[in-house]
Each structure stands twice: as structure tokens, then as C-alpha cells.
Amino acid sequence: MAVDEVEAKGLNPGLIVLLVVGGLLITFLVGNYVLYTYAQKNMPPKKKKPVSKKKMKRERLKQGVAPPGE
């Protein structure tokens, strides 16, 4: 008899759980997207780290340019 009552309602509990979980997931994803776009607009551009002299020498050697003094 209890099964018939659930059928009469038309919504089974599994569907309700699925809808709630799906709704939360979609809300989470949309919220993340909105925050991400907001942060991209409002954050100042990243500062580049200064390149060390050692790295500059190594790059020049890779390119085949002899460093001065050698």
C-alpha cells in the first residue's frame, strides 16, 4: 500500500535526492565561474620575477652567443 502512495505522488525520493545534488553541483560550478571571471577583471597583473644573472648566462650559451669576457 505504501508503494502505491509513492507512485501516486509522482516523485520518488531517489529523484528528489538526484535533483538536489545536481542543483548544488550546478550552483557550485556557476559560482566558481562567476568568482573566477570577477577575479580576472579585478586582480592586478602578476609581476614577473627578476631573472638571475646565472640564468641569463645559461640562456645566452644556449643561443650560441658568447658571453662578454670569455
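Start in helix 3 and select K62 and E59: both lie in this helix, three residues apart, about one turn of the helix. (Helices are DSSP runs of H or I with at least four residues, strands are E runs of at least two, and numbering starts at the N terminus.) An α-helix has 3.6 residues a turn, so residues three or four places apart point the same way.

Before moving on, note that this is a predicted model, in which local features need pLDDT of at least 70, side-chain atom pairs count only at pLDDT 80 or more, and totals for chains, interfaces and linings use all residues. Residues are numbered from 1 along each chain as its sequence is written, and side-chain values use heavy atoms, with hydrogens and water left out.

Now show the side chains of K62 and E59. They meet in a salt bridge at 3.9 Å, N to O. The term requires a side-chain nitrogen of Lys or Arg within 4 Å of a carboxyl oxygen of Asp or Glu. By this rule the count comes to one salt bridge. How exposed is each partner? K62 counts as exposed, at 64% relative accessibility. E59 is partly exposed, at 43%. (Buried means under 20% relative accessible area, exposed over 50%, partly exposed in between, with a 1.4 Å probe and protein chains only.)

Next, select K46, K49, K54, K55 and R58. These residues gather in a patch of positive charge on the surface. (Patch residues have over 30% relative accessible area and no salt bridge; like charges are joined within 9 Å, nonpolar side chains (Val, Leu, Ile, Met, Phe, Trp, Tyr) within 5 Å. Lys and Arg count as positive, Asp and Glu as negative; His and the chain ends are not counted. A charge is placed at NZ of Lys, CZ of Arg, CG of Asp or CD of Glu.) Click K54. K54 sits in helix 3, residues 53-63, and is exposed, with a relative accessible area of 64%.

Move to helix 2, residues 13-42. Its 30 residues reach 43 Å from first C-alpha to last, close to the 44 Å expected at 1.5 Å a residue. (The expected span is 1.5 Å times one less than the number of residues.) The number buried here is zero, so helix 2 lies largely in the open.

Select L11, L15, I16, L18, L19, V20 and L24: a nonpolar surface patch, with about 680 Å² of accessible area together. (Areas use the Shrake-Rupley method with a 1.4 Å probe; for residues, only the protein chains shown count as cover.) L15, in helix 2, is partly exposed at 36%.

Finally, zoom out. The protein chain has three helices and zero strands.
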